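Dear colleague,

Please find the structure below, followed by a short account of what was found in it.

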Amino acid sequence: MTAAPLHDLPPHHTDAARDADRALREHAEQARHWHLADLFAEDPRRFETLSLHAGGLLVDISKQRLTADTLEKLRALAAARGLDTWIRCLFEGGEVNWTEGRAAMHWRLRQPPRPQGEPDPVQEQLARMERIVKRILSGQWRGCEGDAITDVVNVGVGGSDLGPLMASVALHENHPREGRRPRVHFVSSMDGSQIAPLLDELNPATTLIVVSSKSFTTVDTLSNAATARCWLEQAFPKMNGAVLRCHFVGVSAKPERMSEWGIHEDNQLLFWDWVGGRYSLWSAIGLPIALTIGMDGFRELLAGANEMDRHFQEAPWEKNLPVLLGLVDVWNLNFLDITARAVLPYDGRLKHWPAYVEQLEMESNGKSVDRDGEVVDYHTCPVIWGEVGPNAQHAFYQLLHQGTQPVACEFLAAARHGRRNGNSAELQPLEEQHILTLANCLAQSRLLALGDRALAEDDGTPTHKRYRGNQPSTTLLLDELTPRHLGALVALYEHKVFVQAVLWGINPFDQWGVEMGKKIAKDMIQVLESGAGADGLDASTRALAAYVRERQPDDR
């Protein structure tokens with residue numbers, strides 16, 4: 001039995017929704033014959049009509065295969081699906097995660113403090129995190145032999161890894177205002193291929209391990225944490241208690257499990273069940289981000305996200321960035337049958353952005369059952385992949401330009417680089433490189449859209465050198481890659497995912513497929529170790545497990 005949302009939400013399937021869907025399908029039959037080059041030629045003001053700016057972000061959808069009329073019809077579908085009611089439900093703490101019977105209140109993590117005197121557990125944990133950050137940055141946090149911390153290893157997986165990793169790398173040039181930050185490392189692979197060589201390079205006396213896991217039962221994370229613990233205990237065999245007290249911090253929603261593992265209560269940071277893992281970088285899971293940019297920078301990150309939260313709630317749909325991007329994705333996937341999207345940041349600082357978006361969107365909306373418990377007969381999430389744009393140009397852009405598959409593209413860049421270190425003479429070559437990168441970004445999106453008509457060549461060009469164009473794309477320009485603007489960007493994508501989920505009638509906040517994957521992996525351990533339970537397996541898995549067992553050393 002699942003808990004219903006707290007609001008009297010409209011049903012997903014209504015006559016109004018069916019009428020709006022039918023109108024869009026008829027419209028899409030016409031749109032299939034459009035070419036972006038013609039749409040631009042027919043409307044000189046197309047950019048002005050199909051671009052928006054908010055929260056330090058410019059979003060241009062004029063290179064999408066749609067018109068203002070398309071957006072009007074998509075908004076009609078959103079209204080029929082009850083999007084306005086669902087948005088209110090989200091921000092009022094309704095049980096939008098209905099399969100687990102709870103709210104999804106990650107937005108609560110970035111709200112400003114409540115009036116003085118009101119208890120605020122979010123601010124309490126932020127203050128607790130700030131004390132830890134200040135101790136580390138000031139050199140006051142000491143290892144068990146009295147050395148200041150120089151390296152921090154974040155041990156996590158999924159949302160406890162990808163979000164902090166993405167933001168820490170993206171904002172690395174934003175130094176904390178006080179103190180000296182440590183080197184921050186990330187470990188997520190359960191096979192030891194990341195942690196073993198990393199520990200070989202680190203000094204145990206000056207290393208702090210952050211164990212991040214919402215449940216504090218994730219095998220990947222606890223295996224790496226156990227390896228790190230063994231490494232430290234071997235380095236300091238006479239200081240068992242001091243090793244855990246001085247070299248480990250835990251971040252989880254389960255304090256009792258952190259304590260059982262051995263992490264001291266003073267070294268525990270908490271968040272809550274209503275924060276999904278892939279939405280958790282705003283919580284104490286963001287400790288590596290705060291160590292990279294300082295608590296002032298971390299609060300700027302939260303402020304940018306909060307600004308986007310308010311924009312999502314208050315802006316009319318015609319000027320609402322999350323609504324706009326959500327509708328565009330639904331149009332491409334469900335009405336133009338474009339089932340793939342390439343995420344292409346033109347900024348090396350955003351090299352982990354594609355992986356972050358892959359998890360956020362495909363783990364959230366990779367679902368096939370609607371809220372009525374019925375299996376859907378339509379796509380609910382595109383296949384998403386990506387790479388830093390200049391690298392991707394030498395990898396898969398050939399497919400984008402001349403392949404057979406329609407692919408929606410997403411270009412992301414900072415209009416101004418904004419480096420804050422070094423003198424102007426030193427920075428000049430770097431600024432020139434930034435302009436070169438932006439030139440590539442704009443040129444590639446133009447060629448994808450217009451094809452041969454973007455080129456000043458005659459009609460005698462051989463077929464193998466021609467470009468059909470008409471590949472739709474969105475371009476997002478940050479005014480500058482700062483903590484505030486990155487916060488707004490991440491919140492924009494979170495809310496876009498929610499808009500999509502409402503239109504598809506699915507729950508974007510559970511992850512039952514992931515949980516089942518963890519369970520069957522645990523069950524497989526004894527099969528690999530002893531063969532117990534192999535009889536119930538399919539022939540392929542049974543044979544593969546036997547092959548592995550036969551090749552293990554006899555003395556293991």
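Helix H6 (residues 121-137) packs against helix H12 (residues 287-314) at an angle of about 135°, and their axes are 9 Å apart. Axes here are lines fitted to C-alpha atoms, for helices over the stretch in contact, with angles from 0 to 180 degrees between N-to-C directions. H6 is therefore oblique to H12 (under 35 degrees is roughly parallel, over 145 roughly antiparallel, 65 to 115 roughly perpendicular, and the rest oblique). On the H6 side, the contact (heavy atoms within 4.5 Å) involves Gln123, Leu126, Met129, Glu130, Ile132, Val133, Ile136 and Leu137. H12 contributes Leu287, Ala290, Leu291, Gly294, Met295, Phe298, Arg299 and Leu302.

The model is predicted: local features need pLDDT of at least 70 and side-chain atom pairs pLDDT 80 or more, whereas totals for chains, interfaces and linings use all residues. Residues are numbered from 1 along each chain as its sequence is written, and side-chain values use heavy atoms, without hydrogens and water.

The chain holds 20 helices and 11 strands (DSSP runs, H or I of at least four residues and E of at least two, numbered from the N terminus). Its radius of gyration is 25 Å, close to the 24 Å of the globule rule for 556 residues, so the chain is as compact as a globular protein of that length. The radius is taken over C-alpha atoms, and the rule is 2.2 Å times the number of residues to the power 0.38. Along the principal axes, the C-alpha atoms fill a box of roughly 80 × 65 × 60 Å.

The C-alpha centres of domain 2 and domain 3 lie 33 Å apart, with domain bounds from an automatic or database assignment.

With kind regards
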